[in-house]
Amino acid sequence: MEGGGAQNNPRTVEEVFRDFKGRRAGMIKALTTDVEEFYQQCDPEKENLCLYGFPSEQWEVNLPAEEVPPELPEPALGINFARDGMQDKDWLSLVAVHSDAWLLAVAFYFGARFGFDKADRKRLFNMINELPSLFEVVTGAAKKQVKEKSSVSNHSSNKSKSHSKYSKPMQPKDEDEGMGMDEEEEDEHGDTLCGACGENYASDEFWICCDICEKWFHGKCVKITPARAEHIKQYKCPSCSSNKRARP
């Protein structure tokens, strides 16, 4: 399988973590921003298919590796067979859970292969554990408390609810006052996670909120610019847009 193996085997904790983040980012794309394409590739009429994530932040749906044993642990087999027998969200959540397990398996395979000791394994796990799981990103589980807080803060927000967004802040005239505003905004949204890449909110980046699922996204992750957002009356993220697809 092209791209499926470890082309540059990571040997340190930091390198393994970078490998993990790249593979994770690719799989998040498949399950969020590229979900329509992912759905189409998971044809139940095809043979057993797997979802692979690569260190290059790309993803691929393909048959499992032919070599036995494989060069790396293999992801869940046959994810395409359950596609039409479940609700879209439930199916994507199931794929996400199995993908989380695979990402950890690959990371600790490298750890075992290159002799990580107890301290290294613990450090690697702690670094991984700081990131939301794929399941949390796909289901929005990590954002439940943030949503509750946002629903209260929206009453006092001077942003438009139809497409709440945050662009890079202007340089404040009063430095002390400006710092206070930045800190308040960071406190209010600091736990918010991008529904596409899973990274945390930052006040110097443009964000947009889906009016259907209420998930927040980096503008760059969903290819929405501040200028374009000004003309959107109701924003639907890629996942919510794909739910309009007619089911057989």
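**Entry 1: Cys213.** I began with Cys213, which is buried at a relative accessible area of 19% (buried means under 20%, exposed over 50%, partly exposed in between, with a 1.4 Å probe and protein chains only). I found Cys213 in the loop between β4 (207–209) and β5 (216–218); helices (H or I, at least four residues) and strands (E, at least two) are DSSP runs numbered from the N terminus.

**A note on the model.** This is a predicted model, in which local features need pLDDT of at least 70 and side-chain atom pairs count only at pLDDT 80 or more, while totals for chains, interfaces and linings use all residues. Residues are numbered from 1 along each chain as its sequence is written, and side-chain values use heavy atoms, with hydrogens and water left out.

**Entry 2: Ala196.** Next I went to the loop between α7 (175–189) and β4, where Ala196 lies. Ala196 is buried, with a relative accessible area of 5%. Leaving out residues up to four places away in sequence, I listed its contacts as Ile28, Thr32, Thr33, Val137, Phe217 and Cys221 (contact means heavy atoms within 4.5 Å). Pro238 is 42 residues from Ala196 along the chain, and their C-alpha atoms are separated by 9.4 Å.

**Entry 3: the cores.** Which residues touch the most other members of the largest nonpolar core? I got Leu31, Phe38, Leu51 and Leu124, out of 37 residues. A nonpolar core here is a set of buried Ala, Val, Leu, Ile, Met, Phe, Trp, Tyr and Cys residues joined through side-chain atoms within 4.5 Å. At least two residues of this core come from each of α1 (13–31), α2 (35–41), β1 (50–53), β2 (59–62), α3, α4 (118–129) and α5 (134–139). The largest share, 9 residues, is supplied by α3. I also noted a second, separate core of 18 residues, with Ile208, Ile224, Ala229 and Tyr235 among them. As general background, nonpolar side chains tend to be buried together in soluble globular proteins.

I then checked Phe38: beyond four places in sequence, Phe38 touches Ala30, Leu31, Leu51, Trp59, Val61, Ile79, Trp91, Leu92 and Val95.

**Entry 4: α1 against α3.** The axes of α1 and α3 come within 10 Å and cross at roughly 165 degrees. Axes are lines fitted to C-alpha atoms, for helices over the stretch in contact, and angles run from 0 to 180 degrees between N-to-C directions. That makes α1 roughly antiparallel to α3 (angles over 145 degrees count as roughly antiparallel, under 35 as roughly parallel, 65 to 115 as roughly perpendicular and the rest as oblique). The residues in this contact divide into 13 nonpolar, 1 polar and 3 charged; Ala, Val, Leu, Ile, Met, Phe, Trp, Tyr, Cys and Pro count as nonpolar, Asp, Glu, Lys and Arg as charged, and the others, Gly among them, as polar.

**Entry 5: Ser99.** I see Ser99 touching Met27, Leu51 and Leu134, not counting residues up to four places away in sequence.

**Entry 6: α3 against α4.** Last, I looked at α3 and α4, which pack at about 150 degrees with their axes 11 Å apart. The two helices are therefore roughly antiparallel to each other. Leu104, Ala107 and Phe108 of α3 meet Arg121, Leu124, Phe125 and Ile128 of α4. I sorted this contact by class into 6 nonpolar, no polar and 1 charged residues.
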